[in-house]
Amino acid sequence: MVCTRNVCRSPYAAILLQSALSSRTTAEWGVWSAGTGSVAGQRICPLAAERLVEAGLGDQAFAHHSRPLDSADVEAADLVLVASAEHRAEVARLSPRATARTFTLAEAVRLGSVVRMPVGAPRLPDLVHDLQAARPLLASGRMERHGRHRPPSVSTAAIDIVDGHVMSAAEHRATLRRVRDSVEQIAGLLAAAS
């Protein structure tokens, strides 16, 4: 999980995703977060920490310390989920080979809604491949599922989760809700691929 400072969106998402995967599957998952403009050692933002405490994940929230993203992190990841298209571009700059396995969190949710899970147990690389293969549908606005057309959405606003720190408290809370809801959907996809 990647955002800018690694104090809100990405650690919140990573902690929630690790918890969701642990409760849904017996497979071992390594979920971590970093920031494209992070200063090492900063604590998670108070609002994200509060939400994690409410979810029973306070220990994980208070153990978090921000860390900068580097190319080794990107190369080691099977899937990179980022907060915005800007972060996706930064991941591609660090490791061009990672482009095919890097998605914004909201983009992965949208693509996951049209990916047909194969019969049997899919694997994570298969899921990532299918998400990548569905990208042209998102770009063209031809997203379908079970015969229903979805409206076109090519703007980055549709796939970005904005930084709530630069907004009002209400908008910050809305950002965290969007992260939580997106993580819940991604956890379902990933658990099925374990």
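Reply: Helices are DSSP runs of H or I with at least four residues, strands are E runs of at least two, and both are numbered from the N terminus. This is a predicted model, so local features need pLDDT of at least 70 and side-chain atom pairs pLDDT 80 or more, while totals for chains, interfaces and linings use all residues. Residues are numbered from 1 along each chain as its sequence is written, and side-chain values use heavy atoms, leaving out hydrogens and water.

Me: Which residues of α2 are called buried, and why?

Reply: L47, A48, A49 and L52. They count as buried because each has under 20% relative accessible area (over 50% is exposed, in between is partly exposed; 1.4 Å probe, protein chains only). They pack against α1, α3 (58-63) and α8 (169-192). Of the chain's 194 residues, 46% count as buried.

Me: What makes the crossing of α1 and α8 right-handed or left-handed?

Reply: The axes, lines fitted to C-alpha atoms over the stretch in contact, with angles of 0 to 180 degrees between N-to-C directions, come within 9 Å and cross at roughly 35°. A near helix turned clockwise from the far one by less than a right angle is right-handed, anticlockwise left-handed; α1 passes α8 in a right-handed crossing. Contact means heavy atoms within 4.5 Å, and the residues making it include R9, Y12 and L16 of α1 and V179, R180 and E184 of α8. They divide into 13 nonpolar, two polar and four charged.

Me: How do you know which residues line the largest pocket?

Reply: A pocket is an open set of 1 Å grid points, over the protein atoms alone, where a 1.4 Å probe fits, with protein on both sides within 12 Å along at least five of seven lines; lining residues have an atom within 4 Å of a point. By that rule 17 residues line the largest pocket, with G30, V31, A77, D78 and L79 nearest its centre.

Terms used: Nonpolar A, V, L, I, M, F, W, Y, C, P; charged D, E, K, R; others polar.
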